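Subject: Structure for your review

Dear colleague,

Please find below the structure that I am handing over to you. My notes on it follow directly after the display.

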Amino acid sequence: MYRTNSRLVANLEDVEVVQCERGKGYGRRLLLKLVSYLQAYAQVHGESIELKFTSRPSRVKANHLYRSLGFQLAATATPGGTNLYKMTISP
Ligand SMILES: CC(C)(COP(=O)(O)OP(=O)(O)OC[C@H]1O[C@@H](n2cnc3c(N)ncnc32)[C@H](O)[C@@H]1OP(=O)(O)O)[C@@H](O)C(=O)NCCC(=O)NCCS
């Protein structure tokens, strides 16, 4: 997490579940826990947090998971690039 002049930003990197445990709901639970932690943090500190991260379009399962959790696709990847996702978490 870091602070800019105008807001608090949380940057998510390298979400990964060990291969033999995939498809059992850990990825979804992990992200729900993260959102719930940030909601609590936003409430305690009385300010919104912008959660953001990227994902290559070829990571079909990951992109499906992010969208199903309500993350907004803020920018679609250019060829060879990554999708940008954002979620604003308010107090
Ligand atoms: C993306 C990742 C973190 C998801 O974690 P996970 O624990 O496997 O995911 P979950 O079991 O919580 O399932 C999440 C969604 O993916 C779907 N999914 C999981 N495994 C799947 C499979 N083998 N085939 C199709 N869909 C699958 C589930 O159906 C679920 O969607 P739903 O709830 O709408 O049905 C995991 O697959 C992973 O580590 N992938 C490799 C690394 C990666 O791509 N990381 C993302 C970097 S941006």
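Two residues are in contact if their C-beta atoms, placed from the backbone, lie within 7 Å. Please bear in mind that this is a predicted model. Under that definition of contact, and leaving aside residues up to four places away in sequence, Ala 77 touches Pro 57, Thr 82 and Asn 83. Ala 77 itself lies in the loop between β4 (72-75) and β5 (83-89). It counts as partly exposed because it has 16 C-beta neighbours inside 10 Å. For a sense of distance, Ala 77 and Val 15 are separated by 62 residues in sequence and by 18 Å in space, C-alpha to C-alpha.

Overall architecture

The protein chain contains two helices and five strands, and along the sequence these follow the pattern β-β-α-β-α-β-β. Its C-alpha atoms fill a box of roughly 40 × 30 × 20 Å along the principal axes. Of its 91 residues, 13% count as buried. Among contacts between residues at least 6 apart in sequence, 59% join residues at least 24 apart.

Strands

Strand β1 (residues 2-3) pairs with strand β2 (residues 8-11) in the antiparallel sense, over two bridges. A hairpin of four residues joins β1 to β2, and Tyr 2 has Val 9 of β2 as its bridge partner. Val 9 also stands opposite Glu 50 in β3. The pairing of β2 with strand β3 (residues 49-55) is parallel and runs over four bridges.

Strand β3 is in turn joined to β5 by seven bridges, and these two strands run antiparallel; here Thr 54 stands opposite Leu 84 in β5. Strands β4 and β5 are also antiparallel, with three bridges between them, and the bridge partner of Gln 72 in β5 is Lys 86.

Helix α1

A right-handed β-α-β unit is made by β2, α1 and β3. Helix α1 has 20 residues and reaches 28 Å from its first C-alpha to its last, close to the 28 Å expected at 1.5 Å a residue. Two of the 20 residues of α1 are buried, so the helix lies largely in the open. Just after α1, Gly 46 takes a positive phi of about 65°.

Surroundings of the ligand

How many residues surround the ligand, and which are the closest? There are 17 of them, and the closest are Arg 22, Gly 23, Gly 27, Arg 28 and Ser 55. Both α1 (26-45) and α2 (60-68) supply at least two residues each to the shell around the ligand. The largest share, five residues, comes from α2. By class, the shell has five nonpolar, six polar and six charged residues.

With kind regards

Note on methods: Residues numbered from 1 in each chain as written. Predicted model: local features only at pLDDT ≥ 70, side-chain atom pairs only at ≥ 80, totals over all residues. Near = placed C-beta within 6 Å. Nonpolar A, V, L, I, M, F, W, Y, C, P; charged D, E, K, R; others polar. Pairing = 2+ DSSP bridges. Right-handed = clockwise from strand over helix to strand, strands pointing away. Expected span 1.5 Å × (residues − 1). Buried ≥ 20, exposed ≤ 12 C-beta atoms within 10 Å, placed from the backbone.
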